[in-house]
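Student: Can we go through how the helices pack in this one, and then look at the ligand?

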Amino acid sequence: MTLLPVGVLVSGRGSNLQAILDAIAGEALPVDVRLVLSNQPGAAALARAAAAGVPTAVISHHDYATREAFDGALVGALRQAGAEWVVLAGFMRVLTPVFLRAFPLRVINIHPALLPSFPGIHAQRQALAYGAKITGCTVHLVDEGVDTGPIIAQRPVPLLDGDDEDTLAARILVEEHRLVVQVLADIAAGRLHVVSSAGARPHVTCG
Ligand code: GRF
């Protein structure tokens, strides 16, 4: 079976990375994680990758004078590892065109809200503050904006009376883990297509 060569960018806890690694270990996902790359040396995600025998690297944005130079270093490491798709799994930096042009329409991000609602940081807090009744999670292609790229798939999560940011985030996270694995399976199977027509926003179809 051909495995989809993927690089995963992380900055922290790495529970989405873990969901991907667990699905691979359970032979439910034909993906080869070639490299887990963190901008934070202390990210728990790095230990998760190492425990699964996946190569890791740390490239700190503090070591580069510009965002473009930092992105160039990320691209170099991912290319060297043979990654063809990139998953942003809690990666807390906004990518520049230097990165996006290196992996055109091949970078996905996991966001803990139903975009276009509640983009950016603290999406769960935003949903609670707004008084939304339903939120959820989104996996989307990454473009130059923050959480603005074409939506691939979404899952709803209701807000419950008494929810706080932690309880809501925990319920959303369960769905994030399922969604990112589902989307990677679709990509690996060649089911994902980007439909572009002149003047219109690109849409993603799956099937
Ligand atoms: C997740 O909530 C994801 O939606 C957001 O960052 C968080 C990362 O969590 N982009 P983890 O590091 O995968 O546990």
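Student: Are helix 1 and helix 2 roughly parallel or roughly antiparallel to each other?

Tutor: Quick note first: this is a predicted model, where local features need pLDDT of at least 70, side-chain atom pairs count only at pLDDT 80 or more, and totals for chains, interfaces and linings use all residues. Residues are numbered from 1 along each chain as its sequence is written, and side-chain values use heavy atoms, with hydrogens and water left out. Helix 1 (residues 15-25) and helix 2 (residues 44-51) pack at about 15°, their axes 9 Å apart. Angles under 35 degrees count as roughly parallel and over 145 as roughly antiparallel, so helix 1 and helix 2 are roughly parallel.

Student: Which residues of helix 2 does helix 1 meet?

Tutor: Contact means heavy atoms within 4.5 Å. From helix 1, Ser15, Leu17, Gln18 and Leu21 take part, and their partners in helix 2 are Ala45, Arg48 and Ala49.

Student: Which polar backbone atom is 2.8 Å from a nitrogen atom of the ligand?

Tutor: The residues around the ligand (a heavy atom within 4 Å) include Arg13, Asn16 and Ile110. A polar side-chain atom of Arg13 sits 2.5 Å from a ligand oxygen atom, and a polar backbone atom of Asn16 is 2.9 Å from a ligand oxygen atom. For the ligand nitrogen atom at 2.8 Å, the polar backbone atom belongs to Ile110.

Definitions and conventions
Axes fitted to C-alpha atoms, helices over the stretch in contact; angles between N-to-C directions. Helix = DSSP H or I, 4+ residues; strand = E, 2+ residues; numbered from the N terminus. Polar contact = N/O pair within 3.5 Å; in protein donor to acceptor, adjacent residues only side chain to side chain. Parallel < 35°, antiparallel > 145°, perpendicular 65-115°, else oblique.
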